[in-house]
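Here is a short briefing for a reader new to this structure. Look over the sequence and the model, then read the points below.

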Amino acid sequence: MLDTIILVLDSTFRLSTPLLFACLAGLFSERSGIVDIGLEGKILGAAFAAAAAAYVFQSPWIGLLAGIMVSVMLALVHGYASISQRGNQVVSGVAINFLAAGLTVLLGQAWFSQGGRTPALSPATRFESLTLPFADTLANVPVLGPIYANLISGHNILVYASFAAVPLTWWIIFRTRFGLRLRAVGENPSAADTAGLSVTLLRYRATIICGILCGFSGAYLSVAQGAGFIKDMSAGKGFIALAALIFAKWKPVNAMFTCLLFGFLDALAIRLQGQEIPGIGEVPVQVFQALPYVLTVVLLAGFIGRAIPPKASGIPYVKERT
Amino acid sequence: MSKGQLPRWVDYGVLPALNLLAAFIISGLVVVVIGEDPFEAVKWLVWGALGYGEGFGYTLYYATNFIFTGLAVAVAFHAGLFNIGGEGQAYVGGLGIALVCLAMDRFVPWWVTFPFAIIGGAVFGAAWAFIPGYLQAKRGSHIVITTIMFNFIASALMVYLLSNILIPQGTMSPSSRNFEAGGQLPLLRNVFSSFDFGQSPVNLAFFLALAVCVVVWLLIWHTKLGYEIRSFGANPDAAAYAGISPVRITVVTMLISGALAGLMGINVVMGEQTRLLLDFAGGAGFVGIAVALMGRGHPIGIILASMLFGLLYQGGAELAFEIPTISRDMIVVIQALVILFAGALEHMFRPAVVAFFDRFSSSTAEA
């Protein structure tokens, strides 16, 4: 029993990681007032760039860097459209998603001729699992041993990084001057502007951070969890992350728990596939797949608490009207 | 004409053309990056879409899909609502159409099934749009997010239904059984046998799409409801002050929008596939966003934009066949760039064009 629980929780961690990165990415963006439907596209673009670069340069770190670069570039396109051009942020996000979906496969096919995939990565060119100190020696301790050895130890570095990013994000958003200003432009940009802050610059910085975090998420998919890029490998994770962000009410610690919940649902769905649950019978996999979305809709409708977005999110800031 | 303003033909003609041109130039650069000749690519694309009867038939077939989904997005736009859920609504609408066809196809000819299938598709599509519309109107949840969520819920629901309930016994692929003749729309190649449509699946749904365009045009510009929808979209507060109920307009607009998206299945499910397939909407719901943006929400514009995207879809398939390094995903890239330039960056060229016209008009005034 304990083994099964550990197994499910273990895969929960693995499945939550890309969601968590993307969710925190969305948090920075939306806290500054930029709605980001394009998380999905940035993850996908980063996944492709990371796998391609990791293969070409035979290094996961260069892969990660390439993923971040591509993701930031896409974020800047979104930033240019929604901050400088004051375009519709949802439309821009949709465009980013399509751009990534198309370009990754197109370039993948043109460069590697494997039907849009990148060549499989050898273990040395991926982020491998780390064994934490004393994991092997402590493995025999009852209960705590297996938890430490199998659940906490044995993930790749990006998994730990994603969870480390949570307190860091909290600290930046709520305890630094930059974070205060970021929240100010997301709530009331004209007040921030009057106080002498550059709304444009702050929002650009938020979009760049968003790009960096999406880069981690994408690189995790193709260079850590997977071994290479596959067409559409983000498979809606950007949208689940968006749902998680709303579910978490735009708060970093909540975001972590929500991503763990959604990851857990995913892990459970895989675990329970084709199995009977006592008293309920066989639950279709699709129920677990739809659950994060259903929960978010229910939350948004205000049936479990209230999800109130940053006040200025989605509204382009116009400094002066002529 | 005062300073800073543009004549209508520039606003509705030149600016969209410039945006489109920018999208195509960047697409051309992508082709160059891949290492192919963009002009060669354009040649194959246009030839594949318009050069022969079958290709043209496919172009019309794809355009039909996009007219439905484009109208769906456009109607919602008029009320200031962004219905990003056309994909899910089309998908669920297809279920309604399929259920009608499965129930009736063995007993009656197609022209009896047809009106019921239209109702089935519209009702199912509208039902899928109703919940997001209602939640936005009554509970204040944002329609963009709810419709995105409903796309995924629709996808999970349809996978379940197709692989567990609608699948005929003894088969493995998740789809419904094939409709009999009573559930099949006549193909244009059989109706107009003098015109060579080759093996293309363009069918009577094309004319339904055109008819729906007229209906939408009448609805938006020549009825009280249409006036209310446009007023609400232009200024919700003023509309509410004038006695237009925001709840009613939001819900009704979403119902119409969902119904229009739901009709897309007539073309694919009843016209081409003659069965309900997994993921048959294939992204057409999202193309609708591009089509509505480019067509500026007007049925004429939507027809033209749909034809353009139909051309890209069919031409892109031909292109991928002739130049294998440019896979069909090129269409997705072009589509993305069109959405970016015609939608999010639509005002990028405006200052330059305005400056150009100001100089032009002042110089003619002096002369």
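The predictor gives the complex an ipTM of 0.87 and a pTM of 0.88.

**Confidence**

- Chain B has an average pLDDT of 88.
- In chain B, 97% of the residues score at least 70.
- Where pLDDT is low, the predicted coordinates should not be read in detail.

**Chain A overall**

- Chain A contains 13 helices and two strands.
- Its C-alpha atoms fill a box of roughly 70 × 50 × 40 Å along the principal axes.
- The radius of gyration of chain A is 20 Å. A compact globule of 322 residues would have a value near 20 Å, so chain A agrees with that expectation.

**Helix α1(A) against α6(A)**

- Two packed helices are described by the angle between their axes and the distance between the axes.
- Helix α1 of chain A spans residues 2-31, and helix α6 of chain A spans residues 144-152.
- Their axes come within 9 Å and cross at roughly 30 degrees. Angles under 35 degrees count as roughly parallel, so α1(A) is roughly parallel to α6(A).
- The crossing of α1(A) past α6(A) is right-handed.
- On the α1(A) side, the contact is made by A:L2, A:I6, A:L9 and A:D10. On the α6(A) side, A:P146, A:I147, A:N150 and A:L151 take part.
- By class, this contact of α1(A) with α6(A) has six nonpolar residues, one polar and one charged.

**Helix α1(A) against α12(A)**

- Helix α12 of chain A covers residues 252-272.
- The axes of α1(A) and α12(A) come within 7 Å and cross at roughly 140 degrees. That angle makes α1(A) oblique to α12(A).
- α1(A) passes α12(A) in a right-handed crossing.
- The contact of α1(A) with α12(A) divides into 17 nonpolar, four polar and two charged residues.

**Where chain B touches chain A**

- Chain B brings 38 residues to the contact, and chain A brings 33 residues.
- On the chain B side, the elements that give two or more residues are α5 (110-139), α6 (143-165), α13 (284-294) and α15 (329-344) of chain B.
- Which element gives the most to this side of chain B? α6(B) does, with twelve residues.
- By class, the side of chain B that touches chain A has 26 nonpolar, nine polar and three charged residues.

Technical notes:
Residues are numbered from 1 along each chain as its sequence is written. Chains are lettered from A and ligands numbered from 1 in the order in which they are written. This is a predicted model: local features need pLDDT of at least 70, side-chain atom pairs count only at pLDDT 80 or more; totals for chains, interfaces and linings use all residues. pLDDT is the predictor's confidence in each residue, from 0 to 100. Two residues are in contact if their C-beta atoms, placed from the backbone, lie within 7 Å. Helices (H or I, at least four residues) and strands (E, at least two) are DSSP runs, numbered from the N terminus. Ala, Val, Leu, Ile, Met, Phe, Trp, Tyr, Cys and Pro count as nonpolar, Asp, Glu, Lys and Arg as charged, and the others, Gly among them, as polar. Axes are lines fitted to C-alpha atoms, for helices over the stretch in contact, and angles run from 0 to 180 degrees between N-to-C directions. Angles under 35 degrees count as roughly parallel, over 145 as roughly antiparallel, 65 to 115 as roughly perpendicular and the rest as oblique. A crossing is left-handed if the near helix is turned anticlockwise from the far one by less than a right angle, and right-handed if clockwise. The radius of gyration is taken over C-alpha atoms; the globule rule is 2.2 Å times the number of residues to the power 0.38.
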